[in-house]
Amino acid sequence: MKIYWFKAQAPLRVLALVKHLGIEAELVEVDMMAGGLRAPDYAALNPNLKAPTLVDGDQALWESSAIMAALCIRAGSDLWPANDPAEQVEVLRWLSWNDGHWAQAVGPFYFEHVVKATFGIGPADVEGLKSGVADVLKFARVLDGHLAGRSHVACGRLTIADFQLASMARYWRESQMPLSGFTNIVRWLDGLMQIPAWADPWPAK
Ligand SMILES: N[C@@H](CCC(=O)N[C@@H](CS)C(=O)NCC(=O)O)C(=O)O
């Protein structure tokens, strides 16, 4: 089993899960800056030209949430509730909410501050982010209200929904996401950082 990754938030959640569950896999780092995502061999696996991609036998699977679910099923982990339809619905709701709303809102902050710094592609456009503040606040209110009295996003325990929602928000301080007033979100994000594999998801060099 191979997992293609590079240092970015979608591969991050898959690699954190792999480490957390102790899954044996060959972790193949793609040289994104050298055009590795556009190489024909890689494009044949993931026509989106994005990472992560899981290759298991003949099957190439993309989309980090689907990859995480597949890995949980393989490992017998309830981070994806394979045997509980009601819990699946609950996790799916938050995976969808992330991709449709939350990631869209926090993504620009993550891109300007973390992606640009990681790949040396220029300074953050701090001015440009001002127009995105209202959206972050709008959806942060939803998440913060939901997390009141809860330790995790779904099912009362760690699930792949936590990893999906937190992979950009974990950088909220250095990305200047306006989340400091959302005490339940901050408590949840800080709590996830107590998980060793989440705090340090990247493979050893
Ligand atoms: N929805 C996809 C997102 C994949 C994605 O956007 N990956 C980014 C890294 S976080 C990427 O490969 N970007 C490279 C590019 O767009 O050129 C997933 O969750 O796997």
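Where does Phe 111 sit? Phe 111 belongs to helix H4 (helices are DSSP runs of H or I, at least four residues, numbered from the N terminus). This is a predicted model, so local features need pLDDT of at least 70, side-chain atom pairs count only at pLDDT 80 or more, and totals for chains, interfaces and linings use all residues. Residues are numbered from 1 along each chain as its sequence is written, and side-chain values use heavy atoms, leaving out hydrogens and water.

**View 1. A close-up of Trp 188 and its contacts.** Setting aside neighbours within four places in sequence, Trp 188 touches Leu 143, Leu 147, Ser 151, His 152, Val 153, Asp 162, Leu 165 and Ala 166. Contact here means heavy atoms within 4.5 Å.

**View 2. The salt bridge between Arg 157 and Asp 78.** These side chains meet at 3.1 Å, N to O (a salt bridge needs a side-chain nitrogen of Lys or Arg within 4 Å of a carboxyl oxygen of Asp or Glu). The partners come from distant parts of the chain, 79 residues apart: Arg 157 lies in the loop between H6 and H7, Asp 78 in the loop between H3 and H4. With 42% relative accessibility, Asp 78 is partly exposed (buried is under 20% relative accessible area, exposed over 50%, partly exposed in between; 1.4 Å probe, protein chains only).

**View 3. Lys 116 paired with Glu 112.** The closest N and O atoms of this salt bridge are 2.7 Å apart. Both Lys 116 and Glu 112 are buried. They sit four residues apart in helix H4, so about one helical turn separates them.

Key:
Helices (H or I, at least four residues) and strands (E, at least two) are DSSP runs, numbered from the N terminus.
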